[in-house]
Amino acid sequence: MDDIVAGRNPVREALRAGRPLHKILMAPRLEGRVIGEILALARSQGIPVQRVDRPVLDKMAGSRHQGVVALAAARSYAELEDLLSLAREKQEHPFLIMLDQVEDPHNLGAILRSAEAAGAHGLIIPRRRTAGLTTAVARAAAGALEYVPVARVTNLSQAIARLKTEGIWVIGAEGDGTREAFATDFTIPLVLVLGSEGRGLSPLVRSHCDFTVRLPLRGRINSLNVAAAAAVLMYEVIRQRYCCPV
């Protein structure tokens with residue numbers, strides 16, 4: 001599925017129709033009635049608008065973009081409540097994954113694939129500063145995007161507060177986490193929170209975690225790729241819940 005919508009009127013109509021968009025790219029200093037409508041609609045729907053140079057748009061959409069390109073989602077987003085409902089339907093403790101500013105689409109796709117294999121009830125991502133559900137993510141997920149609901153929220157801290165009202169423990173993953181992951185009880189209702197490839201968890205999100213965990217590293221490299229770390233942690237959840245509890 002094509003994830004590019006190019007041109008002022010096509011982007012405006014996509015917004016009017018409520019098509020899932022995760023970002024709009026716009027050339028600098030554009031003005032006019034249609035541009036004003038696009039900006040207003042994007043603001044009301046919480047869709048970020050990023051100003052970029054025209055050569056960037058040319059490379060993405062050829063010469064007919066009129067200074068405006070939207071990146072459309074390869075699949076519709078779920079609501080946070082949908083993820084909680086899925087856990088209830090399966091009569092299982094919630095097992096969710098939250099990503100804090102993970103911008104690489106290949107990492108997001110790989111995490112989706114691992115989440116599907118591990119039986120997670122869904123992913124939670126922020127609207128801004130994150131990879132969205134593009135075709136690149138869908139390809140990296142190798143089909144998992146069809147089975148794992150992804151909720152996109154405006155504010156991760158508010159989403160965490162909502163999850164805590166359901167008795168869900170919020171567990172951050174960091175290289176210097178306060179607890180050893182393999183000695184931590186993952187049979188509880190939980191959401192695993194993983195940070196960006198370079199910066200890790202943002203200070204605000206970390207402050208809302210109940211505690212953080214770390215993976216043991218015996219080699220010389222001091223961290224794992226976020227997708228690899230996510231896979232290890234998710235399979236520790238499986239091991240404890242279905243094979244050998246801590």
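Predicted model: local features only at pLDDT ≥ 70, side-chain atom pairs only at ≥ 80, totals over all residues.
Good morning. I shall begin with the sheet. It is open and holds 7 strands in the order E7-E6-E5-E10-E8-E11-E9, with parallel pairing. Strands E7 and E9, the latter at residues 179-180, stand at the edges; each has a single partner strand, so one side of each has no neighbour in the sheet.

Strand E6, residues 122-126, runs parallel to E7 and is joined to it by 4 bridges. Pro126, for example, has Val153 in E7 as its bridge partner. Together with helix H6, residues 135-141, these two strands make a right-handed β-α-β unit.

Are the residues on the two faces of E7 buried or exposed? In a regular strand, side chains alternate between the two faces of the sheet. In E7, Val150 and Arg152 lie on one side, Ala151 and Val153 on the other, and all of them are buried.

Further into the sheet order, strand E8, residues 169-173, pairs with strand E10, residues 190-195, in the parallel sense over 5 bridges. Here Val170 has Val191 of E10 as its bridge partner.

I turn now to the surface. Phe182, Leu217, Leu224 and Val232 form a nonpolar patch there, with about 300 Å² of accessible area together. Leu224 belongs to the loop between strand E11 and helix H9, and Leu224 is partly exposed, at a relative accessible area of 40%.

Finally, an unreviewed UniProt entry annotates residues 4-78 as "domain: RNA 2-O ribose methyltransferase substrate binding". In the model, that stretch is 40% helix and 23% strand. Thank you.

How values were computed. Residues numbered from 1 in each chain as written. Heavy atoms only, no water. Buried < 20%, exposed > 50% of the residue type's maximum accessible area, 1.4 Å probe, protein only. Pairing = 2+ DSSP bridges. Right-handed = clockwise from strand over helix to strand, strands pointing away. Patch = residues over 30% accessible without salt bridge, like charges linked within 9 Å, V, L, I, M, F, W, Y side chains within 5 Å. Areas by Shrake-Rupley, 256 points an atom, 1.4 Å probe, with all protein chains shown as cover. Salt bridge = Lys/Arg side-chain N within 4 Å of Asp/Glu carboxyl O. UniProt positions renumbered as here; feature names shortened; annotations may be inferred.
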